[in-house]
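Q: Could you walk me through how the pieces of this protein model pack together? I'm new to this, so please go slowly.

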Amino acid sequence: MTFGGFPASAPRLYADLSADNTKEAWRSRLREVYERDVRAPMLELAAELSAHFAGDAGGVRVLGPVRDTRMSRDKSPYKTYQGAYLDLLPALGFWVHLDRDGLYASGRWYPHGSAEVARYRAAVEEEDGGAELAAIVAGLTERGFAVGGNRLVSRPRGVAAGHPRLDLLRHRTVDAGRRLGPGPALASAGAAAFVRETWELTRPLLEWAAARGLTPEPYDRGADAPP
C-alpha cells in the first residue's frame with residue numbers, strides 16, 4: 001500500500017483516548033479505528049521513509065500502542081500518540097509521531113547518561129563548535145522549528161549567567177521539530193513530504209552531535225524502544 005495521509009479520524013482518536021484511556025474503551029470502540037486509521041497509515045509512512053532514507057542505518061521502526069507503566073505513577077494503559085523513529089546512531093536520529101494535534105517530526109539527541117551530557121556541554125563551550133551549533137539552531141528556528149528537549153530550569157553549575165550560549169548549555173537532550181496540524185495536508189500524501197523535509201533539515205544538527213562523539217556505545221534497542 002502507498003501512504004496517502006492520515007484521515008481526520010486519526011487525530012480524533014487520540015482526543016477520544018485522552019478522555020477515556022481504559023481497556024474497555026479501547027476494546028469496544030477505539031482499537032478498530034486505531035488499526036485502520038492510525039497504525040496502517042503509519043506503517044505505510046514508515047515504509048516510504050525507510051526507502052527514502054535507505055542509506056541510513058536500519059529502517060524506520062513503528063512503536064506499539066501499549067504503555068510501559070512499570071515505573072510510572074500514571075497507569076493509563078495506552079499511549080496518546082503513535083510514534084516511529086529512525087536512529088542513525090544510538091540515541092541520535094529522527095522521530096515522528098501522530099497525536100491529537102496532528103503530526104510532529106523532529107531530529108533528536110537523547111543521551112542516556114551524564115557522560116554524554118558533559119561532552120555535549122564541553123562542545124557547546126568550545127568557541128568554534130558552540131558557534132556552529134548556535135548557527136544551526138538559529139537556522140532551524142527561522143524555518144519554524146521549535147528547539148526543545150529536557151532542559152535545566154537554572155544554568156549548569158559553573159556557567160556564568162551571561163554566557164552567550166546559556167540556552168544551549170541548559171539542554172540535557174535536544175529535539176528540533178515542527179508540526180503539521182489536522183487538515184487536508186495531514187490527510188494527503190504530502191504529509192510524507194513534510195516528514196522527509198523536516199528530517200533532512202535537521203541532519204546538520206545530528207551530524208554536529210555525531211562528529212563530537214555525543215552518543216553512547218552501540219546497543220540493541222529492540223523493536224519497540226521508548227520515545
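A: Let me begin with a term: a crossing of two helices is called right-handed if the near helix is turned clockwise from the far one by less than a right angle, and left-handed if it is turned anticlockwise. Please also keep in mind that this is a predicted model.

Q: OK, so what kind of crossing does α2 make with α6?
A: Helix α2 passes helix α6 in a right-handed crossing. Helix α2 covers residues 23–52 and helix α6 covers residues 190–211, and the two pack at an angle of about 45° with their axes 10 Å apart. The two helices are therefore oblique to each other.

Q: And which residues make that contact?
A: On the α2 side they are L45, E48, L49 and H52, while α6 contributes A192, V195, R196, W199 and E200. Sorted by class, the residues of this contact divide into 5 nonpolar, 1 polar and 3 charged.

Q: Why would residues three or four places apart point the same way?
A: An α-helix has 3.6 residues a turn, so residues with that spacing point the same way.

Q: Switching topic: how many aromatic pairs are there?
A: A search of the whole structure finds 9 aromatic pairs. One of them joins F94 and W199, whose ring centres are 4.9 Å apart and whose planes are at 10°, so this pair counts as stacked.

Q: Where do F94 and W199 lie?
A: F94 lies in strand β3, residues 92–99, and W199 lies in helix α6, so the pair ties together parts that are 105 residues apart in sequence.

Q: Is F94 buried or exposed, and what about W199?
A: F94 counts as buried because its relative accessibility is 0%. W199 is buried too, with a relative accessible area of 0%.

Q: Which rings form a cluster?
A: Ring pairs link W26, Y34 and Y78 into a cluster.

Q: What about α3 and α4, at what angle do they cross?
A: The axes of helix α3, residues 114–125, and helix α4, residues 127–142, come within 5 Å and cross at roughly 95°. These two helices are therefore roughly perpendicular to each other. Their contact is made by Y120, A123, V124 and E125 of α3 together with E127, G129, G130 and L133 of α4. By class, it has 4 nonpolar, 2 polar and 2 charged residues.

Q: Last one: which residues of α1 are buried?
A: In helix α1, residues 9–19, the buried ones are S9, A10, P11, L13, Y14 and L17. These buried residues pack against helix α2 and against strands β2, β3 and β4.

How values were computed. Residues are numbered from 1 along each chain as its sequence is written. This is a predicted model: local features need pLDDT of at least 70, side-chain atom pairs count only at pLDDT 80 or more; totals for chains, interfaces and linings use all residues. Side-chain values use heavy atoms; hydrogens and water are left out. Axes are lines fitted to C-alpha atoms, for helices over the stretch in contact, and angles run from 0 to 180 degrees between N-to-C directions. Helices (H or I, at least four residues) and strands (E, at least two) are DSSP runs, numbered from the N terminus. Angles under 35 degrees count as roughly parallel, over 145 as roughly antiparallel, 65 to 115 as roughly perpendicular and the rest as oblique. Contact means heavy atoms within 4.5 Å. Ala, Val, Leu, Ile, Met, Phe, Trp, Tyr, Cys and Pro count as nonpolar, Asp, Glu, Lys and Arg as charged, and the others, Gly among them, as polar. Rings of Phe, Tyr and Trp (its six-membered ring) pair if their centres lie within 6.5 Å; planes under 30 degrees apart count as stacked, over 60 as edge-to-face and the rest as tilted. Buried means under 20% relative accessible area, exposed over 50%, partly exposed in between (1.4 Å probe, protein chains only).
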